[in-house]
Amino acid sequence: MKKKLTLLPLVAVSLFALGACSSGSEPTKGEADASTVETTTVADKTSFAVGDTIVFDGSAEYTITAAEWTDERNEFADSQPEKVLKVTYNMTNLSDEDQSIGMDMNLYVGGKKMETYPNTNTMDSLSAGRTYEGAIQHFAVNGTGDVELEVQPILDFSAKPAIVTLTLP
C-alpha cells in the first residue's frame, strides 16, 4: 500500500511536466514553420489569404492550402466554363456534432457568384473533433476580376463568412 501512495505523486508530477513541455498542437504535414501560419478567428478579421487558418469559434477551422486553375474538365457537364478553379483545403470540426464538408464555400469573380463545377469534389461528413485534410472543391469561372472565396460552415448560421482573397495568374 505504501508503494502505491509513493508512486501516485511521482506519476502525477511526471504527467504535469510532460504536459507543460508540450505545445498543445502538432505541425501538419507540409508545414514549414508554425510562425508563418496565421491563425485568426473570423470575429477578429474578415479578409484572409491562402495558407491562413480561419477559426469559426465552436464550429470549425479551415485552412485553404491551394487555389489553382486546372485543365481537368467533366465531359458530361451541362456547360463548359472559360476556366475551372480547383481549391484544396483542410477542415477541423470544432463542434460537438457531425458537420458537412463540401458545401461550405462560394466563389465570387468580379463580385459575381460562380457555380461549383462537377469535377471530383469532396462531399462528406466530419465527426466532432476530427480533421479532414485535402478536401477539394471546383468552381466554373466565367469572366474576370477580383477572385474571392467566401468560407462559412454550412450549419453555422450565426457565423460571419470569411473572405479569402485569391491571387491567380
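Buried means under 20% relative accessible area, exposed means over 50%, and partly exposed is in between, with a 1.4 Å probe and protein chains only. The structure is a predicted model, in which local features need pLDDT of at least 70, side-chain atom pairs count only at pLDDT 80 or more, and totals for chains, interfaces and linings use all residues. Residues are numbered from 1 along each chain as its sequence is written, and side-chain values use heavy atoms, with hydrogens and water left out.

**Exercise 1. Classify Thr122 and Phe157 as buried or exposed.**

Step 1. Thr122 has a relative accessible area of 10%, so Thr122 is buried.

Step 2. Phe157 has 72% relative accessibility and therefore counts as exposed.

Step 3. Locate both residues. Thr122 is in the loop between β8 (112-116) and β9 (124-126), and Phe157 is in the loop between β11 (147-151) and β12 (162-166). The strands are DSSP runs (E, at least two residues), as are helices (H or I, at least four residues), and both are numbered from the N terminus.

Step 4. List the contacts of Thr122, where contact means heavy atoms within 4.5 Å. Not counting residues up to four places away in sequence, Thr122 touches Ile101, Gly102, Tyr132, Ala135 and Ile136.

**Exercise 2. Find what the side chain of Gln80 reaches.**

Step 1. Gln80 is in the loop between β4 (60-70) and β5 (83-93). Its relative accessible area is 45%, so Gln80 is partly exposed.

Step 2. Apply the rule for a polar contact: a pair of N or O atoms within 3.5 Å, where within protein one must be able to donate a hydrogen and the other to accept it, and residues adjacent in sequence count only if both atoms are side-chain atoms.

Step 3. The side chain of Gln80 reaches the backbone oxygen of Asn74 at 2.9 Å. A polar contact of 3.0 Å also joins the side chains of Gln80 and Tyr117.

Step 4. Compare with the contact list. Beyond four places in sequence, Gln80 touches Arg73, Asn74, Glu75 and Tyr117.

**Exercise 3. Where is Asp104, and which polar groups does its side chain meet?**

Step 1. Asp104 is in the loop between β6 (99-101) and β7 (105-109).

Step 2. Check for a salt bridge, which is a side-chain nitrogen of Lys or Arg within 4 Å of a carboxyl oxygen of Asp or Glu. Lys and Arg count as positive and Asp and Glu as negative, while His and the chain ends are not counted. Asp104 is buried yet has no salt bridge, and the nearest side chain of opposite charge, Lys113, is 12 Å away.

Step 3. The side chain of Asp104 makes a polar contact of 3.3 Å with the side chain of Tyr89. A polar atom of the Asp104 side chain also lies 3.5 Å from the backbone nitrogen of Gly102.

**Exercise 4. Summarise the whole protein.**

Step 1. Count the elements: the protein has one helix and 12 strands.

Step 2. Of the 169 residues, 34% are buried.

Step 3. Among contacts between residues at least 6 apart in sequence, 63% join residues at least 24 apart.

Key. Contact means heavy atoms within 4.5 Å.
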